[in-house]
Amino acid sequence: MPSDTAHVAERIDRPADDVYAYVSNPENLPTWAHGLGENVTRIDGAWFVEIPDGLVKVVFAPANDVGVLDHVATFPGGESFLNPLRVVPYGDGCEIVFSVRRAPGTSDEDFARDTGLVAADLARLKALLER
């Protein structure tokens, strides 16, 4: 079923390889992805983020040299969502682009909130990596 997608981007004044290396490490999620969660743990080789309802399993795309950081988040109720994420070289720095997809039944207000949370996360990542 087609849904709305918002592409949220942030330019970061760091080489794409540096940004990719930082973002691809799930242990770094709590430092920048507050919209996802604050506690990350590894259980039996899989990565989980703690949310109020339980644990969300996060599986990133295999390591690659083209900046693809797509990841599947599987929630405690069994729902899984593919989240497209890319790091793209841009001059001496890069751009990180997250495609926020509207889940079926999501209101305009909730979609705007979700998009805003992702924008805040990417801004936090930019500030962190440009220090």
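Let me start inside the protein. The largest nonpolar core has 29 residues, and the ones that touch the most other members are V23, W32, I96 and L125. At least two residues of this core come from each of these elements: the strands β1 (5-12), β3 (46-51), β4, β7 (85-90) and β8 (93-101), and the helices α1 (16-23), α2 (29-32) and α3 (108-129). Keep in mind that this is a predicted model.

Take I96 next. What does I96 contact, leaving aside its neighbours within four places in sequence? The list is V8, A9, E10, I12, V23, L85, R86, V87, L122 and L125.

One is T115. T115 has a relative accessibility of 18%, and buried means under 20%, so T115 counts as buried. Leaving aside neighbours within four places in sequence, T115 is in contact with A6, V8 and V100.

The other residue in helix α3 is L128. Not counting residues up to four places away in sequence, L128 touches Y22 and T31. L128 and I12 are 116 residues apart along the chain, yet 9.8 Å separates their C-alpha atoms.

Last, the surface. Which residues form a nonpolar patch there? They are V59, V72 and L82, and together they have about 220 Å² of accessible area. V59 sits in strand β4, residues 54-60.

How values were computed
Residues are numbered from 1 along each chain as its sequence is written. This is a predicted model: local features need pLDDT of at least 70, side-chain atom pairs count only at pLDDT 80 or more; totals for chains, interfaces and linings use all residues. Side-chain values use heavy atoms; hydrogens and water are left out. Patches are made of residues with over 30% relative accessible area and no salt bridge: like charges are joined within 9 Å, nonpolar side chains (Val, Leu, Ile, Met, Phe, Trp, Tyr) within 5 Å. Accessible areas come from the Shrake-Rupley method with a 1.4 Å probe; for residues, only the protein chains shown count as cover. A salt bridge is a side-chain nitrogen of Lys or Arg within 4 Å of a carboxyl oxygen of Asp or Glu. Helices (H or I, at least four residues) and strands (E, at least two) are DSSP runs, numbered from the N terminus. A nonpolar core is a set of buried Ala, Val, Leu, Ile, Met, Phe, Trp, Tyr and Cys residues joined through side-chain atoms within 4.5 Å. Buried means under 20% relative accessible area, exposed over 50%, partly exposed in between (1.4 Å probe, protein chains only). Contact means heavy atoms within 4.5 Å.
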